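Subject: Structure handover

Hello,

Please find the structure for your files below. My notes on what was found come after it.

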Amino acid sequence: MQYSRRRTLLAISLCPALLATGCAVTSGDQGTKSAPIRSAKEKSAGSTKAPAPKKPAEPTLPKIVDDGGMAPRFLPAVRNAPSRSLDQQIRIRFLPKAVEAGAPDSVPTLRALVVTDPSGVNAVFTAMGMTVWTFKWDGVKIDESRSPRLPHEVDARKLLRDLTFTLWPAEHVKSALTSDLAMEVRRGEKRETRVLRRNGKPILGALIEKRAKGSVITIENAIEGYALTIESAS
């Protein structure tokens, strides 16, 4: 009898603990759902990465044409000049129509040291170790000194126009254009194009390519019959 009574008391004392343990287990089972078993094919499909989005294509120049009109003449305000100090290599290539009209077949590569700021543009050009050309623009007039060996087709006002077309902020170039011209600017990650259109036809274009150090600018002018390649080391 005594042994039976002890067993009964032990069972009664253990019941609350067992009930508590059972409640905890039951509560945990209800709150946690087993993850569904996935097949190898499903796992493979789930781990496939979405294709990386394609980068937009870099802009390119359209074919620059001679529309039979006058060459564009403009110079943006000097006060809007960026402050730059450039060490450049300039290659000039005259197109067949210009060569037929008397332009040289080739021109020695010019090294140009060009400084721009809101007070003006100063440029010094050398070829084969000799200074062949200098010009200064203060926003009003151009003062230049040139070697007789420099072809007269290499013109200060034309080159100054081309430099400002590519170096000045686009909005300031646009403000200097005559009403018959429209400027189109397209930018990519490493390239920028600037195109002047007249009646929808592209008559002057510049492709500006960024490099690790400096840039390369290609300018095409079909009306005046030449193309420029300007490599800037800074």
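The notes below go from the sheet to its strands, and then to a few single residues.

The model is a predicted one, so please read everything here as computed from it.

The sheet

The sheet is open and has 10 strands, in the order E5-E4-E3-E2-E1-E10-E9-E8-E7-E6, with antiparallel pairing. Its edge strands are E5 (142-146) and E6 (181-187), each of which pairs on one side only. On average, neighbouring strands are turned by 15° against each other, direction ignored.

Helix H4, residues 156-167, lies across E1 (84-94), E2 (110-117), E3 (120-127), E4 (130-137), E5, E6, E7, E8, E9 and E10 (226-232). The helix runs at about 65° to E4.

Two of the bridge partners in E8 can be named: Leu204 is the partner of Leu196, and Pro202 is the partner of Arg197. E7 and E8 form a hairpin with two residues between them.

How much of E8 is covered? Strand E8 spans residues 201-210, and eight of its 10 residues are buried. On its other pairing, E8 is joined to E9 (residues 215-221) by seven bridges, and these two strands run antiparallel. Here Gly205 stands opposite Glu220 of E9. The hairpin of E8 and E9 has four residues between the strands, and in it Gly214 takes a positive phi near 90°.

Residues with positive phi

Met128 is one of them, with a phi of about 50°. Met128 sits in the loop between E3 and E4. Is Met128 buried or exposed? Its relative accessibility is 69%, so Met128 counts as exposed.

Asn199 has a positive phi of about 55° and is likewise not a glycine. Asn199 is found in the loop between E7 and E8, in the turn of the hairpin described above. Asn199 counts as exposed because its relative accessibility is 75%, and the cut-off for exposed is over 50%.

Gly225

Gly225 is placed in the loop between E9 and E10. Why does Gly225 count as buried? The reason is its relative accessibility of 0%, where buried means under 20%.

What does Gly225 touch? Leaving aside residues up to four places away in sequence, Gly225 touches Arg93, Phe94, Leu95, Lys97 and Ala98. Gly225 and Ala103 are 122 residues apart in sequence, while their C-alpha atoms are 9.2 Å apart in space.

Regards

Definitions and conventions. Residues numbered from 1 in each chain as written. Predicted model: local features only at pLDDT ≥ 70, side-chain atom pairs only at ≥ 80, totals over all residues. Heavy atoms only, no water. Buried < 20%, exposed > 50% of the residue type's maximum accessible area, 1.4 Å probe, protein only. Pairing = 2+ DSSP bridges. Axes fitted to C-alpha atoms, helices over the stretch in contact; angles between N-to-C directions. Contact = heavy atoms within 4.5 Å.
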